[in-house]
Amino acid sequence: MRNFIRFIIRYHLFFLFLLFETISFYLLVNYNHYHNQTFVNSSSKFAASVLEISGNFTDYFSLKRANEELSRENAFLRTQLPENTYRLNEPVPENRQTADSIQYLYRPAKVINSSVNKFHNYITINKGSKQGIRPEMGVISARGLVGVVRHVSPNYATVISLLNTQLKISARLRESNHFGSLEWDGNSYQHAILNEIPAHAKVSVGDAVVTSGYSALFPEGILIGTIDDFELNQGEGFYVIRVKLSIDFKSLTYVETVEKITRDEQQELEKLTNND
Amino acid sequence: MINHLGRYLLSFIAILLVQVLVLNNLNLGGYINPWLYVLFILILPVEMPNWLLLVLAFATGLIMDTFLNTIGLHASATVFLAFLRPFLLRFFAPRDGYEPGSLPVTSHFGLGWFLKYTLLAVLAHHLFLFIVEAFSFENFLATLWKTILSSLVTLVVIMIAQLFSSRERRRI
């Protein structure tokens, strides 16, 4: 017995270390995916109040971005006024690059055919190359993201709907800015799956999922849907998130195509770089 | 001693605030996140009893975890660091041992010594942290890469923090 006690005292540091590691791992395994249920988390009063105070300050730093977003939305809404839609239906002037404050050009269109019940769903709209629609333009509606233009004829265009298993969209969580890739799994026309959100991201039901703005197709922050359900993919460290789409594809009637004005410039530049 | 205590309390709060309010909001290249808070464990006095070191490390890690919603993750890594620290200090000990009252900081032992000491400690802490975070040895290369990159960034941030603290000490 005395030897045992001597042994413990001799290596007390190691045992203390083991004790703390055991507690840590116990906490880690038990509470990490149920962090709302433990009292030691950021919803506890102390941490929450510190974070709230910091939020009050940092809100000011994001004012500029908020302003930009608001003005962009203003511009977007303005293009929906009747007189503007008329003007936008005319050919766009040659020197449009001079209007460098405008990033995206919106053209309204009407859905004349669509499907929701196949694996590869397409939408047909009543505007085509005569009205300036070209392949690879983004398509949105007032309620959220719709798809990407595939083929164009003089008066019509077909759009790969979001409900198409071939389409992958770069999306992010509006709250935490973590981004992943969104695709349709071919099941319900009201839901899509968001992958590749890392396990440490804060995910909660009801959070908005928006476009990331990394591609030249869509502006940043276009609503896609809200989180309906999520689970952690054990072993990979990524969430699999079921997103309730904000658009009802069954009753879609009016959409807008999005053109990034500087896209040609960007592509020419990238082609130059690739040829080198 | 009281003076000591106050200073450590202040530096702990300062480190905590910088970590929580500034560094946790950085997103360098997607996943590089500097963990400045290990500095608090690194600069505790050399003579501090090892059990107290472990207790403080556990508390520090747990406080970080409450802010990051990763209960246990940082606690385990920080306790591991605190367990390693006496060995590191013994490994880097000056030829005639540590003088009483010395602190493992740049102003006491010089930049080169502090750099070596911090680099090893931070690497160990980050490696442990990222392995536990991944919770598997799959993709070990990615974990290793992440460890190295994050360690370098943490090291830079710690060096900047040391600039501040050493200037303060000279003024006093």
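# Close-up views of a two-chain predicted model

**View 1. Chain A and its surface.** Chain A exposes about 17000 Å², and carbon and sulfur atoms supply 55% of that area. The model shown is predicted. Chain A holds 6 helices and 12 strands. It has 276 residues, and 37% of them count as buried. Take the contacts in chain A with a separation of 6 or more. Of these, 56% come from residues 24 or more positions apart.

**View 2. An annotated span in chain A.** An unreviewed UniProt entry lists residues 7–29 of chain A as "transmembrane region". What share of residues 7–29 is helix, and what share is strand? The span is 96% helix and 0% strand. Its end C-alpha atoms lie 30 Å apart.

View 3. Strand 3 covers residues 138–141 of chain A. Which residues point one way, and which the other way? A:Gly138 and A:Ile140 point one way. A:Val139 and A:Ser141 point the other way. All four are buried. There is a general rule behind such a view: in a regular strand, side chains alternate between the two faces of the sheet.

**View 4. The partners of strand 3.** Strand 3 of chain A is joined to strand 4 (residues 144–152) by 4 bridges, and the two run antiparallel. A hairpin links strand 3 to strand 4 of chain A through 2 residues. Strand 3 is also joined to strand 12 (residues 254–260) of chain A, by 3 bridges. This pair runs antiparallel too. Now look at A:Val139. Which residue is its bridge partner in strand 4 of chain A? The partner there is A:Gly147. In strand 12 of chain A, the bridge partner of A:Val139 is A:Thr257.

**View 5. Chain B, built from helices.** Chain B has 7 helices and 0 strands. Read along the sequence, its pattern is α-α-α-α-α-α-α. Of its 172 residues, 49% count as buried. Chain B exposes about 8700 Å². Carbon and sulfur atoms supply 70% of that area. Now consider contacts in chain B between residues at least 6 apart in sequence. Among these, 69% join residues at least 24 apart.

View 6. An unreviewed UniProt entry places "transmembrane region" at residues 6–23, 35–59, 71–93, 114–132 and 144–164 of chain B. Here are two of these spans. Residues 71–93 of chain B are 83% helix and 0% strand, with end C-alpha atoms 34 Å apart. Residues 144–164 of chain B are 100% helix and 0% strand. The end C-alpha atoms of residues 144–164 are 30 Å apart.

View 7. The largest nonpolar core has 55 residues. Which residues have the most contacts inside it? They are B:Leu54, B:Tyr117 and B:Ile158. Both chains take part: helix 2 (12–31) of chain A supplies at least two residues of this core, and so does each of helix 1 (2–22), helix 2 (38–42), helix 3 (50–68), helix 4 (73–91), helix 6 and helix 7 of chain B. Leaving aside neighbours within four places in sequence, B:Tyr117 is in contact with B:Leu42, B:Arg85, B:Leu88, B:Leu89, B:Phe92 and B:Pro104.

**View 8. B:Thr118 in helix 6.** B:Thr118 sits in helix 6 (residues 111–134) of chain B. Why does B:Thr118 count as buried? Its relative accessibility is 0%, and buried means under 20%. Not counting residues up to four places away in sequence, B:Thr118 touches B:Leu42, B:Leu155 and B:Ile158. B:Val38 is 80 residues from B:Thr118 along the chain, yet their C-alpha atoms are separated by 9.4 Å.

**View 9. B:Thr147 in helix 7.** B:Thr147 belongs to helix 7 (residues 140–171) of chain B. Is B:Thr147 buried or exposed? B:Thr147 counts as buried, because its relative accessibility is 2%. A polar atom of its side chain lies 2.6 Å from the backbone oxygen of B:Thr143. Not counting residues up to four places away in sequence, B:Thr147 touches B:Leu123, B:His126, B:Leu127 and B:Phe130.

Key:
Residues numbered from 1 in each chain as written. Chains lettered and ligands numbered in written order. Heavy atoms only, no water. UniProt positions renumbered as here; feature names shortened; annotations may be inferred. Buried < 20%, exposed > 50% of the residue type's maximum accessible area, 1.4 Å probe, protein only. Polar contact = N/O pair within 3.5 Å; in protein donor to acceptor, adjacent residues only side chain to side chain. Contact = heavy atoms within 4.5 Å. Areas by Shrake-Rupley, 256 points an atom, 1.4 Å probe, with all protein chains shown as cover. Pairing = 2+ DSSP bridges. Core = buried A, V, L, I, M, F, W, Y, C linked by side-chain atoms within 4.5 Å.
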